[in-house]
Amino acid sequence: MSFFWIKNGRVIDPASKRDATGDVFIADGRFVKSLSATQRKSAQVIDAKGLVVCPGLVDIHVHFREPGQTHKETILTGSQAAAAGGFTTVVCMPNTSPPVDNTGTVELIKNAARLAPVHVYPTGCITVGMKGQSLAPHGSLQKAGVVALTDDGLCVQSNELMHRAVEYAKMFGLTILDHCQDESMTAKAVMNEGVVSTRLGLTGWPHAAEDIIVARNIILSRYTGAHIHMQHISSAHSVELMRRAKRDGVNVTAEATPHHIALTEESLGTYDTNFKMNPPLRTEADRKAIVAGLKDGTLDCIGTDHAPHAPEEKDKEFDYAPNGIIGLETALPVCLDVLVRQSKFKLGFVIDLMTRKTADILKLPAGTLSPGAAADVCLFDPEEKWLYDTYGAFSRSINSPWNKQQMKGRVKTTIVDGRIVYANGKMV
Ligand SMILES: [Zn+2]
Ligand SMILES: [Zn+2]
């Protein structure tokens, strides 16, 4: 038997309504209420004075590029970046090469995930080859172990096919995660459509292209009762549509990314491709609406959309660089900055948005310190200042808009299944 006694920390566990200085006990990989006197004697003690002790963070939106593009990231390096960022559970997107539209690729990812320091769950494609033409074998993907279905990176354009997809997904108890984008309105688009795109001479991606698909999904969810989750909401109008849908009791959820709550299209003035992502950064009004949506529960959780790309790919003219940025190692300090310090969210509420509420969307066994649960813990110093440098970081890629930036709030220790996997800047 192995025991842990984490003492003197500020223990925050929204699931059990805990926010007080106290102890967290672990026995053989699971949380327990307490340890006996003899168990305490043999326990490994972690002094968490000055630290927050919370459930390991959960991210239902990462791209780990394995199989197929392991020069950008592997399941191992992506998981190390996750652990360094305090994440203990991640859900990886199926737009690998080949895409996850077959059980063989699910098996391959599950095998690689066995060596990962955090829990990695695969998703499967909605359509064969993510081509949007015919449905992938949802039933066999579910049996093979996918936890959701998505064509992320692309969006199923045919409403008829999407209707069938949500019906099948519901039958197999799977949630559809949708990247909401009307592709007919966004051909060659590289940034938000508006005055800034006109000034910079870049092709615009109108927020209406997101809003139309969010509305389509709300209608399909209402029509079928199926759960549809909207990925990376970027537009104020989409937040408004979600607010109304939730008021009407529609079975929809949504996520926001750290970059869409922290940055706007104004950052694109230098044509730095580390600010190019899909959906694009939008206006200050959109940014504020997303923060307000998180505050009132319209948006359910934070998802990083961690999307590694190699330097030689990102280091191209703005029009030709791929979309996406890495985010696992900066998500917590960025959320503390924008949500806690600037927008006055309670710390416990932000942790809820990054743990239990995220896990609940896909019913993953994660996001709580409750006795009996897997002992996944994040210990962080909310006050520590540090310099984020992509070259010393764990992701295999360096495409971050926060490179060389001062961060406040630093993950100190990450525990997965009662085992320390990351401590003081190093993998264990
Ligand atoms: Zn996407
Ligand atoms: Zn994505």
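A residue is called buried when its relative accessible area is under 20%, exposed when it is over 50%, and partly exposed in between, with a 1.4 Å probe and protein chains only. The model discussed here is predicted: local features need pLDDT of at least 70, side-chain atom pairs count only at pLDDT 80 or more, and totals for chains, interfaces and linings use all residues. Residues are numbered from 1 along each chain as its sequence is written, chains are lettered from A and ligands numbered from 1 in the order in which they are written, and side-chain values use heavy atoms, with hydrogens and water left out.

By that definition Thr88 is buried, at 1% relative accessibility. Thr88 sits in strand E7 (residues 87–92); strands (E, at least two residues) and helices (H or I, at least four) are DSSP runs numbered from the N terminus. Beyond its neighbours within four places in sequence, Thr88 has contacts (heavy atoms within 4.5 Å) with Gly56, Leu57, Val118, His119, Asp376, Val377, Thr414, Ile415 and Val416.

The metal site comes next. Asp152 (OD), His179 (ND1) and His232 (NE2) coordinate the zinc ion (ligand 1) at 2.0 to 2.1 Å. Donors are N, O and S atoms within 2.8 Å of the metal (3.2 Å for Na, K and Ca), and since water is not among the atoms, sites may look incomplete. Along the sequence, the donor residues of this zinc ion follow the spacing D-x26-H-x52-H. Asp152 also coordinates the zinc ion (ligand 2), which is 3.5 Å from the zinc ion (ligand 1). Asp152 lies in the loop between strand E9 (148–149) and helix H5 (159–171), and His179 in the loop between strand E10 (175–178) and strand E11 (191–192), so the pair ties together parts 27 residues apart in sequence. Asp152 is buried at 2% relative accessibility, and His179 is buried with a relative accessible area of 2%.

His179 also belongs to the lining of the largest pocket, where Gly153, Leu154, His179, Asn278 and Asn323 lie nearest the centre among 25 lining residues. A pocket is an open set of points on a 1 Å grid over the protein atoms alone, where a 1.4 Å probe fits, with protein on both sides within 12 Å along at least five of seven lines; lining residues have an atom within 4 Å of a point. This pocket holds about 470 Å³ of space, and its lining comprises 9 nonpolar, 12 polar and 4 charged residues.

Methods. Points joined across faces, edges and corners; volume = space filled by probe spheres on them. Nonpolar A, V, L, I, M, F, W, Y, C, P; charged D, E, K, R; others polar.
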